[in-house]
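Please keep the sequence and the model in view while reading.

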Amino acid sequence: MTSHTGEEWLSLREAAELLGMHPATVRLWADRNEIPSRRTSGGHRRFRRADIEERVRQEAVPKPDPASVLLVQSVLGRVRFAFTDGTLDTFPWYQHFDTTARDAYRRLGRRLLDLMLRALNDDTHHIDDLKKEAIELGREYGSITWASHVPVADAVRAFLYFRTLIDEGILQLAEVRSGRDHDIFWVASFQQVQAITNEILPALIEAAQS
């Protein structure tokens, strides 16, 4: 059915077929206002085709694996704790980072966590693209290192410290969520993360020394 505005409206059955759902599920979503709908004068539900197609696109987007999200949250918690409990202040190399450098490294660290999350959820066909992003991230780390007059050795120590937090997060969660299937996941996760982060350090050093 097409309205006078040119919008195409679907019946409950048509919307359910397009979504690949049972009509009862679509009706429940409509009751919860998860999908926009309207009622005809006879009380029948109608759904805009554009809204249903948008929902189809949303459902097609891969959802992050809960385990990988938990891993990122664990690493982020470790990093925040290191900043708040004064651990970082005990390292001589951290004293060489001024406020500007520290803020910049934090922003890049968040981007690294995002990269890591995508690495854990993307298949191997995307690994080369993620490695390119990691190289670019390393270059930005190196540029900040150079601009802030941070010794390259200290920038490397900072990166390795953060990398250790990631490795420890993976190993700790692997112990908690033990089991054959989970063991396979964490081994693959460890290898995937290392394949990405291994690209950062050389790019950092090259950029910092150029």
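## Two packed helices

Which residues in H6 meet which residues in H9? From H6, Ala-134, Ile-135, Leu-137, Gly-138, Arg-139, Tyr-141, Gly-142, Ser-143, Thr-145 and Trp-146 meet Ile-200, Ala-203, Leu-204, Ala-207 and Ala-208 of H9, where contact means heavy atoms within 4.5 Å. The residues of this contact comprise 10 nonpolar, four polar and one charged; Ala, Val, Leu, Ile, Met, Phe, Trp, Tyr, Cys and Pro count as nonpolar, Asp, Glu, Lys and Arg as charged, and the others, Gly among them, as polar.

Helix H6 spans residues 127-147 and helix H9 residues 200-209; they pack at an angle of about 35°, with axes 7 Å apart. Axes are lines fitted to C-alpha atoms, for helices over the stretch in contact, and angles between N-to-C directions run from 0 to 180 degrees.

## Basis of the model

The model is predicted: local features need pLDDT of at least 70, side-chain atom pairs count only at pLDDT 80 or more, and totals for chains, interfaces and linings use all residues. Residues are numbered from 1 along each chain as its sequence is written, and side-chain values use heavy atoms, with hydrogens and water left out. Helices (H or I, at least four residues) and strands (E, at least two) are DSSP runs, numbered from the N terminus.

## The sheet

Three strands form an open sheet in the order S1-S3-S2, with antiparallel pairing; two strands pair if DSSP finds at least two bridges between them. The edge strands, S1 (9-11) and S2 (38-39), each pair on one side only.

S1 and S3 are joined over three bridges, and Leu-10 stands opposite Phe-47 in S3. Two bridges join S2 to S3 (residues 45-48), and Arg-39 has Arg-45 in S3 as its bridge partner. The hairpin of S2 and S3 has five residues between the strands, and Gly-43 there takes a positive phi near 90°. Helix H1 (residues 12-19) lies across S1 and S3, at about 95° to S1.

## Lining of the largest pocket

Helices H4 (66-84), H5 (99-121) and H7 (152-176) are the elements that give two or more residues to the lining of the largest pocket. H5 gives the most, with seven residues. The lining residues divide into 19 nonpolar, one polar and four charged.
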